[in-house]
Amino acid sequence: MQWAIKIIKKVFKGYHIRKKFWGLINQQLSHNRFMFYSYAAISIQRMYRGYYSRKYVHDFYARKKYIRYIEEKNEKRLFKLRNH
């Protein structure tokens, strides 16, 4: 009878440890997946924000056009001041 109890305990302990082990493995895999997708989402957001900023906020050609406009306006004023 004692040997039966020992076998049952041994089998149950093995089952319990394997279940705990696979639970930890699955938890670690879920965490790794979450971190991977979080990093991918952050990278996509970073690229989109850079694109949007370059295209609409800090538009090089619009700024260049504005500077050219200001320079022309200043030249006209200087011309008027010199001739006045």
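Trainee: Before we start, what counts as a helix or a strand here?
Mentor: Both are DSSP runs, numbered from the N terminus: a helix is H or I over at least four residues, a strand is E over at least two. This is a predicted model, where local features need pLDDT of at least 70, side-chain atom pairs count only at pLDDT 80 or more, and totals for chains, interfaces and linings use all residues. Residues are numbered from 1 along each chain as its sequence is written, and side-chain values use heavy atoms, with hydrogens and water left out.

Trainee: How many helices and strands does the chain have?
Mentor: Two helices and zero strands.

Trainee: And how many aromatic pairs are there?
Mentor: Searching the whole structure gives seven. Rings of Phe, Tyr and Trp (its six-membered ring) pair if their centres lie within 6.5 Å; planes under 30 degrees apart are stacked, over 60 edge-to-face, and the rest tilted.

Trainee: Why is the pair of Y48 and Y51 tilted?
Mentor: The planes sit at 45°, so the pair is tilted; the ring centres are 6.3 Å apart.

Trainee: Where are Y48 and Y51 in the helix?
Mentor: Both belong to helix α1 (residues 2-57). They are three residues apart, so about one helical turn separates them.

Trainee: What about F60 and Y61?
Mentor: They form an edge-to-face pair, with 5.2 Å centre to centre and 80° between the planes. F60 and Y61 are both exposed.

Trainee: Back to the tyrosines. Which residues are linked into a cluster?
Mentor: Ring pairs link Y48, Y51, Y52 and Y56. Those residues and V57 form a nonpolar surface patch, with about 560 Å² of accessible area together.

Trainee: What makes a patch?
Mentor: Residues with over 30% relative accessible area and no salt bridge; like charges are joined within 9 Å, nonpolar side chains (Val, Leu, Ile, Met, Phe, Trp, Tyr) within 5 Å. A salt bridge is a side-chain nitrogen of Lys or Arg within 4 Å of a carboxyl oxygen of Asp or Glu. Accessible areas use the Shrake-Rupley method with a 1.4 Å probe; for residues, only the protein chains shown count as cover.

Trainee: New topic. What box do the C-alpha atoms fill?
Mentor: Roughly 120 × 15 × 10 Å, along the principal axes.

Trainee: How much of the chain is buried?
Mentor: Of its 84 residues, 2% count as buried.

Technical notes:
Buried < 20%, exposed > 50% of the residue type's maximum accessible area, 1.4 Å probe, protein only.
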